Amino acid sequence: MGDEDFLAQRFEEHRPHLTAVAYRMLGSRAEAEDAVQEAWVRLARSDSDAVANLGGWLTTVVARVCLNALSSRRSRREDPLGEQAAELTETRERGPEQEAVEYDSVGLALLVVLDTLTPAERLAFVLHDLFAVPFDEIAPIVDRTPAAARQLASRARRRVQGAPAPEAEQGRKREIIDAFLAASRGGDFGALLTVLDPDVVLRADRRAVQMGAQPETFGADQVAKTFLGGAKLARVAVIDGTVGAVVAPRRRTRLALYFTVVGDRIAAIEVVADNSHLDALDVRFIG
């Protein structure tokens, strides 16, 4: 296999994730596919050997392409909702990338709300809340500090909370997180693997790293080992309108866990320990 073929194979491994990111950013399957194709073109022209984290690099490229597209769309005051509605009601056969895009049921109501956000707000919210990308990585994309990127996502989150979210989705997500925490506390490695996507990524913020966490952990086996026998103090909670988990002795949040669920498995986990972030959270304990 030649270098170009190997690079193309590696890119294809990331395509479903990149398409999902682009679709949530742009609300159009056709535009999402164009953005992903542009990422491939840029990768093919770059020195890929110098890219340490290909998935992160590609996500950043797709995010920048989408941000430019949203800014251009906003200046032309285009409304893509007609296309979105058509796409969401199509009955034709879907390919693997389209299935990945729609796996966790992005509804038209959410897309409508996302269209009311500024491009930077939408990017910060989508990358952080839906794909658990840390604010340290989002900040350079939107040309802001991590704290400012966090504020963008927070503003977006408050507006998104007003959109109707199917209770069944939230309920299913809670079941999956409950199962994950139970398996973690019980030291059940096999049960952890059943709720983790094979390519799951675990990310920790700087404060969590200072406390002993690894910045990034990849793969179900490694993530399961990280949580095996742990999470004894974690409780499921609604964090700023989305189901997650917190460690909150005496009801003071010391750690927050954000989960990205795709289908019936956890695709990403973000561990947040930064006090300024935690103090700004709206946490509602479940049960």
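The largest cavity has a volume of about 50 Å³. A cavity here is a set of points on a 1 Å grid over the protein atoms alone, where a 1.4 Å probe fits but cannot get out. Grid points are joined across faces, edges and corners, and the volume is the space filled by probe spheres set on the points. A search of the whole structure finds one cavity of 30 Å³ or more. This is a predicted model: local features need pLDDT of at least 70, side-chain atom pairs count only at pLDDT 80 or more, and totals for chains, interfaces and linings use all residues. Residues are numbered from 1 along each chain as its sequence is written, and side-chain values use heavy atoms, with hydrogens and water left out.

Lining residues have an atom within 4 Å of a point. Among them are His 128, Asp 129, Lys 173, Thr 242 and Tyr 258. Helix H7 (119–130), strand S4 (242–247) and strand S5 (255–262) each supply at least two lining residues. Helices (H or I, at least four residues) and strands (E, at least two) are DSSP runs, numbered from the N terminus. S5 gives the largest share, four residues. By class, the lining has five nonpolar, four polar and two charged residues. Ala, Val, Leu, Ile, Met, Phe, Trp, Tyr, Cys and Pro count as nonpolar, Asp, Glu, Lys and Arg as charged, and the others, Gly among them, as polar.

S4 and S5 also belong to a sheet. Seven strands form this open sheet, in the order S2-S1-S6-S5-S4-S3-S7, with mixed pairing. Strand S2 (216–218) and strand S7 (283–285) stand at the edges with a single partner strand each, so one side of each lacks a neighbour in the sheet. From one strand to the next, the twist averages 25 degrees. Two strands pair if DSSP finds at least two bridges between them.

Follow the pairs from S5. S4 and S5 pair in the antiparallel sense over three bridges, and Val 246 stands opposite Ala 256 in S5. S3 and S4 are antiparallel too, over six bridges. Ile 239 has Thr 242 in S4 as its bridge partner. The hairpin of S3 and S4 has two residues between the strands, and Asp 240 takes a positive phi near 50 degrees there. S3 also pairs with S7 in the antiparallel sense, over three bridges. There Ala 237 stands opposite Phe 285.

Definitions and conventions. On a 1 Å grid over the protein atoms alone, a cavity is a set of points where a 1.4 Å probe fits but cannot get out, and a pocket is an open set with protein on both sides within 12 Å along at least five of seven lines; lining residues have an atom within 4 Å of a point. Axes are lines fitted to C-alpha atoms, for helices over the stretch in contact, and angles run from 0 to 180 degrees between N-to-C directions.
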